[in-house]
Amino acid sequence: MTAEAMMRSAIEQAEQVKGTTYPNPPVGAVIADCDGQIVGVGGTQPTGGPHAEVVALRAAGDRAKGGAAYVTLEPCNHHGRTPPCVDALLAAGISSVNYAVSDPNPAAAGGAQRLTESGVTVAAGLLAEEVAQGPLREWLHKQRTGLPHVTWKFATSVDGRSAAADGSSQWITSEAARADVHRKRAAADAIVVGTGTVFVDDPTLTARHGDGTLTSHQPMRVVVGMREVSPDAKVLNDDSNTMLIRTHDPHEVMRSLGDRTDVLLEGGPTLAGAFLRAGVVNRILAYVAPILLGGPITAVDDIGVPSIGHAQRWRFDGIVPIGPDVRLSLVPG
């Protein structure tokens, strides 16, 4: 297998554990033996558990000696809840380490230098863009800014309507698109909606498998607004934890979620407009169905754009067909 193929296997491991490693980053690792054959794979375990390199090394056993490691993030060089991953790599006799992204955290960085000083061949930057825009997107944003990464997710008809004129919205998009949304939820730390959405739709805001059962990880549910939420609302059931934030200020919401990393904004057009006006949306995920609805119910309300010259500019960083629908990913232009 090529080095790129090894790293893509590590990326797959990182994607599989995304949502379960908070507050640690979702990292994947692959160990290849001296003949270039994969002998161990792993992803970072929940807090207090082993990091990706250790999981992969344990799977590889003695076959790791003289082999190579492929890791999505620079191996850590500090002792937190677990020992440094550099120690495990050196003890296993790894001869070379390829990693995608350097660790921006000063407390954990320095792994590459220590490995090099110990005689290990180290190479950085392998598929760095795929990792930075993939499993580590939200974590790297948090490291850079100290703020949660916010993704506004919504479903819409091709003419930009989030519901028909009578208010009905189930289901605009296909079962395949809805399954993709639940995978995104299962990888998130929190889901934010407004009290209006709770009042009108009474959603549970959980992540579920295709058969309706709950996934092993459930994001915290966050309800924003001044209206009281009925104690019988589904969002207050025992499926997950729920936070009620009495405010209309997106910046105050961000401060309340300051210890989170990956936040999904799933509110209606009013809440979406407020977050866009405040400039706290870092990514847009639009699930667009090939239907026309017309009518007055749009995906977003006023975002403070008085003319075309003041339009918010975004650029596509992904266009993916999902069943009959299309998932559009956009980041600020």
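Start with the largest cavity, which holds about 130 Å³ of space. A cavity here is a set of points, on a 1 Å grid over the protein atoms alone, where a 1.4 Å probe fits but cannot get out. Points are joined across faces, edges and corners, and the volume is the space filled by probe spheres set on them. Searching the whole structure turns up one cavity of 30 Å³ or more.

Before you click, note that this is a predicted model: local features need pLDDT of at least 70, side-chain atom pairs count only at pLDDT 80 or more, and totals for chains, interfaces and linings use all residues. Residues are numbered from 1 along each chain as its sequence is written, and side-chain values use heavy atoms, with hydrogens and water left out.

Now select Thr21, Asn24, Pro26, Asp189 and Thr261: of the 15 residues lining the largest cavity, these lie nearest its centre. A lining residue has an atom within 4 Å of a point. The lining splits into seven nonpolar, four polar and four charged residues. Asp, Glu, Lys and Arg count as charged; Ala, Val, Leu, Ile, Met, Phe, Trp, Tyr, Cys and Pro as nonpolar; and the others, Gly among them, as polar.

Next, colour residues 1–112, where an unreviewed UniProt entry places the feature "domain: CMP/dCMP-type deaminase"; such annotations may be inferred rather than shown by experiment. The span is 29% helix and 21% strand, and its end C-alpha atoms lie 23 Å apart. Helices (H or I, at least four residues) and strands (E, at least two) are DSSP runs, numbered from the N terminus.

Zoom in on strand S1, residues 28–32.

What does S1 pair with? Strand S2 (residues 38–43) runs antiparallel to S1 over five bridges; strands pair if DSSP finds at least two bridges between them. Pick Ala32 and you'll find its S2 bridge partner, Ile38. The two strands form a hairpin with five residues between them, and Gly36 in the turn has a positive phi of about 80 degrees. S1 is also joined to antiparallel strand S3 (residues 68–73) by four bridges, with Ala32 opposite Ala68.

Last stop: helix H2, residues 52–60, whose buried residues include Ala52, Val54 and Leu57. The buried residues of H2 pack against S1, S2, S3 and helix H3 (85–91), contact meaning heavy atoms within 4.5 Å. Just past H2, Gly61 has a positive phi of about 60 degrees.

Methods:
1 Å grid on protein atoms, 1.4 Å probe; cavity = no way out; pocket = protein on both sides within 12 Å on 5 of 7 lines; lining within 4 Å. Buried < 20%, exposed > 50% of the residue type's maximum accessible area, 1.4 Å probe, protein only.
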